[in-house]
Amino acid sequence: MRLMPAMHISLLLCIFAGISLRATPALSPTEAPESPEIRDARMAWFRDAHFGMFIHFGLYSTYGGVWKGQVRKVNNCAEWMMLAARAPRAEYAKAAQTFNPTGFDADAWIQAVKNAGMRYIVITTKHHEGFALFRTKASPYNIVDATPFGRDVIAEIAAACRRHGVRLGLYYSQNLDWYHPGGGGGEWDPTHAGDSEAYVRNIAIPQLRELMTNYGTVDLLWYDIANGVVSGDNAWRIHQMVHRLQPNIVVNNRLGRGTPYDVQTPENFIPATGIPGKDWESCISMNNSWGYAADDHNWKSTRELLHRLADITSKGGNMLLNMGPDGSGRMPEEALRRLREMGDWLRTNGEAIYGTRAAVFPQTPSWGRFTLRHGADGNDTLYAIVFDPPASGELLLPGLTTPIRSAYRLDNGKKLPLKVRQGAPSGPSIVMDKEVGALQDFVIAITLDGQARVSEAIAPDAEGAFVLLPRLAKCHGGMRVEEINITGLDGSHTSEEHLGYWLSPSAGAQWSFRSHQPAKYTVELRYAAPEASAGSAIALVVGEQSLPFIVRPTGSWNRFTSVNLGEVSLPAGTHTLSLRLDKLQGEAPCNVGILRLKPVP
């Protein structure tokens, strides 16, 4: 069978917690459809921002993933400790009696966010533990009424966001609630048993109403764990209430039950092709856990985080970078250092991030990423975010057909001009001297004479090889691009982009590529197949040439291997390579990874 699509940690953990994910029929919405113009205006700030901060803070921050002297996490996530430890609600809640985060300073938090170059935040108002960081009349289990701290953290954060010009986003776990009876999960404690409808009516809906009413403008609402105990009727009530109280709010896709949403939310991974035609935001943790974990020192480097920001932006998405303050309310110094360093880079190079859109080239360059800015005068600007310059000293712009006016490197407000080479068959290039070629993580702005236009035909790389990525294929018959990125409850992890759902001879895929001179190529296929698919027959067809292959099992749908299929001789010109299924064993012949055509010396 084909590999299942990527699953987020929340979905896996929801299953683990015993929450039903089966959809129920939803009420039909009564509001009039939003016009494209109004939607574009409402979404404009989000599409321009590209960079925000996720803050996980709650009662779990005091535990740091440790329960009674033992580390207790789910999938390295400390904020799930209550579930991991099967902690009784009354015993777990005792932490509120001493929860006094005197190190919390809303202005310091938001100033750190702003200095990092982030344009918005999302902070947990109530996570799955059921404890609220705001004053709520719906339950005494909140930071104002149940702790010696006695202050409304969300009110102070909202005020600081207004002072510093940072957009306010609020996270709320509407389905999972391990403290309040009737909330999703919590089945290990018999005192948690209760009426789910009463929980939604008396806790979730009133608290969401308070959040939408008491804190001024809320720019974004981040639900978590779709469906669950919130029925279809109640999901629509929540949806309509939220949009009545905050008409311009942006919402994510985790309320569920068929309710409309604005933003899709891949978690700790970046879709291979982005999510074309959709607004999306990839939430990325700085280390392993979302909430503070005392033993988690596996921090991603600043460089890795910048590369992820560039990758996400180049695919049209936003990066929501997570940080978990400790129980005293202080941000870990390792996190603050990375935020400062990212802010330093963005002060010089943010022009390539803010307000840009995806720059679609047939290939993702090995040296970095492209973004694109549409000019008011009709002339676009391409940004080459260069991680590691190619040894050749030239940045290829494969397939770009729009003439280039100029190119320059961004350098602390200065524009350092670079030479442009145009007219090559594979497209123009930017020439770098040795000084520039020795740098890392810089930006070249390329001003165009008109709108950016790129040929769909894949061009050869610097070695003359064609790399046919799954994301570049045109699929039919149900075949589609998948990026497997599943983190299991045991911590196992696997990820490889591929074409899946090759379920019948009517399905297939093809690539278009252009060679500039006659040559012979070795064709290498990367694939994965289980035992049941052994003996399936496929073929790669280029013009009149066909390379057959009898599928041999690799062990599973996600265990990929490479095989040499033979050679093809191609004249100069544009070619199409197609996949053909000749004999099917099992559900599908294989999952198809990268195809490479390497010139024969």
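pLDDT is the predictor's confidence in each residue, from 0 to 100. For this protein chain the mean pLDDT is 91, and 92% of the residues reach 70 or more.

| Stretch | pLDDT | Contacts in the model |
|---|---|---|
| Residues 1–27 | below 50 | 75 |
| Residues 485–494 | below 50 | 25 |

Where pLDDT is low, the predicted coordinates should not be read in detail.

A bit of housekeeping: this is a predicted model, where local features need pLDDT of at least 70, side-chain atom pairs count only at pLDDT 80 or more, and totals for chains, interfaces and linings use all residues. Residues are numbered from 1 along each chain as its sequence is written, and side-chain values use heavy atoms, with hydrogens and water left out.

Let's start with helix α6, residues 106–115. Helices (H or I, at least four residues) and strands (E, at least two) are DSSP runs, numbered from the N terminus. Which residues of α6 are buried? They are A106, W109, I110, A112 and V113, where buried means under 20% relative accessible area, exposed over 50% and partly exposed in between (1.4 Å probe, protein chains only). These residues sit on the same side of α6 because they cover an arc of only 155 degrees around the axis, going by the directions from the helix axis to the C-beta atoms. Their cover includes β1 (51–55), β4 (120–126), α7 (153–164) and α11 (333–349).

The ends of α6 have their own details. Just after the helix, G117 takes a positive phi of about 90 degrees.

Next up is a sheet. It is an open one of 3 strands, ordered β14-β18-β17, with antiparallel pairing; two strands pair if DSSP finds at least two bridges between them. At the edges are β14 (394–396) and β17 (419–421), each pairing on one side only. Between β17 and β18 (residues 429–431) there are 3 bridges, and R421 has S429 in β18 as its bridge partner.

Finally, look at L581 in strand β29 (residues 573–583). Is L581 buried or exposed? L581 is buried, with a relative accessible area of 6%. Beyond its neighbours within four places in sequence, L581 touches W502, S504, P505, A537, I538 and P589. L581 and A529 are 52 residues apart in sequence and 14 Å apart in space, C-alpha to C-alpha.

Definitions and conventions: Contact means heavy atoms within 4.5 Å.
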